[in-house]
Amino acid sequence: MAAKIRVVMKSFTSQSNKISGLMPYTKKVGLPESRALFTVLRSPHIDKKSREQFSMHVKKQFVEQKAEMHELHKKLFWLKRLRIPGAQYEVQIFFKTRLDKGSLKLLVA
């Protein structure tokens, strides 16, 4: 039984240099970046036409790695101690199991 470990990272800066040394044998996928635009009046009392705009860009990246059951403990231990300065990350673990037809018939019957 194999497990997929997915790490979704969000940051205000590019993470391409941060991810390169994280995990060997990984599949990296860039996700679309989100942008928020804020418009603020420069002066609170006069000059209502004078405004200032600020934007916030959040860049996302998705890293996927496959792990066997005997390696899973080491990889989870390593992920718990993972420190990425300036980035927020979320770890998702997926298991894929297979039942053979004989055991499936026993469960149904």
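Two strands count as paired if DSSP finds at least two bridges between them, where strands (E, at least two residues) and helices (H or I, at least four residues) are DSSP runs numbered from the N terminus. The model is predicted, so that local features need pLDDT of at least 70 and side-chain atom pairs count only at pLDDT 80 or more, while totals for chains, interfaces and linings use all residues. Residues are numbered from 1 along each chain as its sequence is written, and side-chain values use heavy atoms, with hydrogens and water left out.

**Exercise 1.** Determine which residue of β3 is the bridge partner of G30.

*Solution.* Begin with the strands: β2 pairs with β3, residues 51-68, in the antiparallel sense over 13 bridges. Within β3, the partner of G30 is then found to be Q61.

**Exercise 2.** Work out the order of the strands in the sheet, and state which of them stand at the edges.

*Solution.* The sheet is open and its four strands, paired antiparallel, follow the order β2-β3-β1-β4. β2 (27-41) and β4 (87-96) are at the edges with a single partner strand each, and therefore one side of each has no neighbour in the sheet. From one strand to the next, the twist averages 15°, with axes being lines fitted to C-alpha atoms, for helices over the stretch in contact, and angles running from 0 to 180 degrees between N-to-C directions.
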